[in-house]
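Here is a protein chain to explore, one feature at a time. Keep the 3D view open and turn it as you read.

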Amino acid sequence: MTADEPEPISSDKGPTPGELLLAALGSCTSMAVRASADHRGWQLHQVEVDVHFDPQGRIVKSVRLSGDLEAAQVEKLPAVAGRCPVHRLLTGDVSVVTVPTFLPAAGRPPARTPG
């Protein structure tokens, strides 16, 4: 898979990193809702998830459900949408640790550090 940025920054040959993040959230949400409905034997025919950044930089997730569902079932499924693993990761207390690694160019000895 290729990730890229739009022109003029790059050649726009793939989704941006932000778009990939939104795709991960949308697909995870859809799968969680589908799995929950299937597990309960509910007649969920279709789940569609649209995810975008709003002008304030917040993530907006719209979940559309269709099927032969009772009102109580329709109420419970959006709660499941908020418990998918990617949603929990994004809204939890997440730390990111960067571990740098340097690989010298092929055929070149590693640089020596003074001392």
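## A network of charges

Let's start with Asp50, which makes a salt bridge with Arg64, where the closest N and O atoms are 2.7 Å apart. Asp50 sits in strand E1 and Arg64 in strand E2, so this pair ties together parts that are 14 residues apart in sequence. Keep in mind as you look that the model is predicted.

Arg64 has another partner too: it forms a salt bridge with Glu48, and here the closest N and O atoms are 2.7 Å apart. This pair also links distant parts of the chain, with Arg64 in strand E2 (residues 59-68) and Glu48 in strand E1 (residues 43-53), 16 residues apart.

How many salt bridges does a search of the whole structure find? The count is 4. One of them joins the side chains of Asp38 and Arg34, at 3.6 Å from N to O. These residues are 4 apart in helix H1, so about one helical turn separates them. Asp38 is partly exposed, with a relative accessible area of 46%, and Arg34 counts as partly exposed at 25%.

Now find Cys28 and Cys84. How many disulfides does the structure hold? It has 0. For Cys28, the closest cysteine sulfur is the one in Cys84, 3.1 Å away, which is too far for a bond. The cut-off matters here, because a disulfide needs its pair of cysteine sulfur atoms within 2.5 Å.

Both cysteines are tucked away from the surface: Cys28 is buried, with a relative accessible area of 11%, and Cys84 is buried as well, at 1% relative accessibility.

## Patches on the surface

Next, turn to the outside. Arg40, Lys76, Arg83 and Arg88 come together as a patch of positive charge on the surface. One of them, Arg40, belongs to helix H1 (residues 17-40), and it is partly exposed, with a relative accessible area of 43%.

There's also a nonpolar patch on the surface, made by Leu21, Phe53, Ile59 and Leu90, with about 300 Å² of accessible area together. Which helix holds Leu90? Look for helix H3 (residues 85-91). Leu90 counts as partly exposed, at 37% relative accessibility.

## Before the helix

Last stop: Asp12, which you'll find in the segment before H1. Asp12 is partly exposed, with a relative accessible area of 46%. How far apart are Asp12 and Ser36 in sequence and in space? They are 24 residues apart along the chain and 36 Å apart in space, going from C-alpha to C-alpha.

Definitions and conventions. Residues are numbered from 1 along each chain as its sequence is written. This is a predicted model: local features need pLDDT of at least 70, side-chain atom pairs count only at pLDDT 80 or more; totals for chains, interfaces and linings use all residues. Side-chain values use heavy atoms; hydrogens and water are left out. Patches are made of residues with over 30% relative accessible area and no salt bridge: like charges are joined within 9 Å, nonpolar side chains (Val, Leu, Ile, Met, Phe, Trp, Tyr) within 5 Å. Accessible areas come from the Shrake-Rupley method with a 1.4 Å probe; for residues, only the protein chains shown count as cover. Lys and Arg count as positive and Asp and Glu as negative; His and the chain ends are not counted. The place of a charge is taken as NZ of Lys, CZ of Arg, CG of Asp or CD of Glu. Helices (H or I, at least four residues) and strands (E, at least two) are DSSP runs, numbered from the N terminus. Buried means under 20% relative accessible area, exposed over 50%, partly exposed in between (1.4 Å probe, protein chains only).
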